[in-house]
Amino acid sequence: MSRYNKAKNIFIDSIDIDEYIELDSAEYSYNLIYDSVSRPLKMILLFGRPGTGKSILLNRIYQNLKYQKEIHYFDAPSLDQREFFRKFFKVVTLKDLPKNTEVNFTTLIDYCKSIQGKREVIILLDEAQMYDSNMLEKIRVLSDTRAIKFVISMHKTDNEELIAKEHFKTRIWETIELVNVNKEELKRYIHKKLLKHNLFDIADTIKSKHINLIYNLTKGNFRECNKMMFKTFEIYEYYDLDKKYKINDKKFSKKFIEMAAIRLGYIK
Amino acid sequence: MNSMKELEKKWFRYKLKQSIPWFILIFYLILIGLYINYKIIVDKFIINQYNQLSKEYFTQKDISLEIHPKISTIIDENKSNILIIKDFNKTIIDINTSNDIFEINDTLYEENISEPFFSEISPVIDIQVPKVKTQDEILEEEIEKRHEKHYIYIKKSSKEYKDVEKRFSLSQDPEDALFLARIYYEKKKYKKAEEWAFIANELNDDLEESWLIYAKAKNARGQKVKAIHILKSYLKKTNSLRARKLLEEFRRN
């Protein structure tokens, strides 16, 4: 496997905690969530544009607290209410729901009230904008039992922000917004990712001018940046196999970045 | 493989599109550069042409005055009253090169020291003395004014001289005019006589009788002064005895 193939795979968009890169802005958000989870709050809202690192942040919280607290991570949204409550039932009662049965919501509320003060269950809900208003209403009612604490992650769009505020405005105790990173952090992010996999030589060739170009194309969005770097190294990989003379090992290619941007539709 | 080639083509198109503003900018800069360069060349050319022309036309010459002969005679007569400036050219050069006086001796001034600012101007001296006209001159002028007329008046006065007048209109014979002047004078038609005498004189001013009839007709019409001057001017020309006698006669009367 060529080093460019290795570099390419580093930038596959995933929420793998091993691939988590500690950045100042992400660290600040992490600490906020960590403190909020420790306090007796009903709900914590985490929102931001897609690709700002919400999912990996939730995953990191889960990984770090899963042995300390009764915390559960719902990474994929359950569009079907029955599916959601089946999962919820299991994490709350620690038992599987019998087949061909469904959860009685009133009974579930009563159960949650019964465990109040005895247990503190934390549910991390990713992609919460996918839930309908009825589901969100039931989540609100569950949080009112004070036995269940929800950390809800949502995309920041005008509509979704409105929903979040309308449904949870009285119950949200902490709101954390994630934003795109600046150039400096983007540079650190790319370099750290490569250095983590011992690709020092490649990291060394990526200079500020390349970062500026990547930043202008991706606006500091992690997901876009990952896509861009993945595509760039894919092009590198192609030339490394077929036309090695076109690659200068000592100089990172702006041309390949631009080609990747054309391929991804950032440049038309 | 093919997709990568296609991607490269797209990238080339993108770079070309991106570099168009730079090409335009470079093109304009080249144009501006060429314009400035051209202007400098043209300016140099004009300056050279000017310098050449100024060398041709403004060559250094000694300043000398050509004195009109009339003035020279006056100068000779009044030498004691004329102030003569010696070493005129030397004085000018001394003043121009004196750095003590002109501390700001700029380059333009220095450049032009070698090439004179002025060319020689030959003096044109024309002294016009207003003339006081004498009576003779006034008379002469009048005659000259009349002489300026290049046409002849022909007037048919009466039936008996009709034939002569008719003939004169065709022949323009001064003798015919003189005949008519004589006849009109005898008939005491002095104005007519004066006119025909004048016509005869116009055609031939050597006809003495035309002068005399003209003077007599003038005298007869009470213009004695004019008549005397006519005779005087004729006498200057011919010194005629008849004219002198007539003049004396006019004076006596």
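The sections below cover the basis of the model, the strands, a loop residue, the chain contact and a helix pair.

## Basis of the model

The model is predicted; local features require pLDDT of at least 70, side-chain atom pairs count only at pLDDT 80 or more, and totals for chains, interfaces and linings use all residues. Residues are numbered from 1 along each chain as its sequence is written, while chains are lettered from A and ligands numbered from 1 in the order in which they are written.

## Paired strands in chain A

Helices (H or I, at least four residues) and strands (E, at least two) are DSSP runs, numbered from the N terminus. Strands are said to pair if DSSP finds at least two bridges between them. Strand S4 of chain A (residues 148-155) pairs with S1(A) in the parallel sense over 6 bridges. Within this pairing, Ile44(A) has Val151(A) as its bridge partner in S4(A), and Gly48(A) stands opposite His155(A). Strand S3 of chain A (residues 121-125) is also joined to S4(A), running parallel to it through 5 bridges. There, Leu125(A) stands opposite Ile152(A).

A residue is buried if 20 or more other C-beta atoms lie within 10 Å of its own, exposed if 12 or fewer, and partly exposed in between, with C-beta atoms placed from the backbone. In S4(A), 7 of the 8 residues are buried, so the strand is largely enclosed by the rest of the structure. Strand S1(A), residues 43-48, is mostly covered, with 5 of its 6 residues buried.

## A loop residue in chain A

Ile247(A) lies in the loop between helix H11 (222-242) and helix H12 (254-264) of chain A. Ile247(A) is partly exposed, because 14 other C-beta atoms lie within 10 Å.

Contact between two residues means that their C-beta atoms, placed from the backbone, lie within 7 Å. Not counting residues up to four places away in sequence, Ile247(A) touches Tyr236(A), Tyr239(A) and Asp240(A). Glu237(A) is 10 residues from Ile247(A) in sequence, and their C-alpha atoms are 9.9 Å apart.

## Contact between the chains

Chain A places 7 residues in contact with 5 residues of chain B. On the side of chain A that touches chain B, H12(A) gives the most, with 5 residues. That side of chain A divides into 4 nonpolar, no polar and 3 charged residues. In this classification, Ala, Val, Leu, Ile, Met, Phe, Trp, Tyr, Cys and Pro count as nonpolar, Asp, Glu, Lys and Arg as charged, and the others, Gly among them, as polar.

## Chain B and a helix pair

Chain B has 11 helices and 0 strands. Of its 253 residues, 15% are buried. Among contacts in chain B with a separation of 6 or more, 48% involve residues 24 or more positions apart.

Helices H10 (residues 224-238) and H11 (residues 241-252) of chain B pack at an angle of about 155°, with their axes 10 Å apart. H10(B) is therefore roughly antiparallel to H11(B), a label given to angles over 145 degrees, whereas those under 35 count as roughly parallel, 65 to 115 as roughly perpendicular and the rest as oblique. Axes are lines fitted to C-alpha atoms, for helices over the stretch in contact, and angles run from 0 to 180 degrees between N-to-C directions. Residues making the contact include Leu231(B) and Leu235(B) of H10(B), and Leu247(B) and Phe250(B) of H11(B). By class, this contact has 9 nonpolar, no polar and 3 charged residues.
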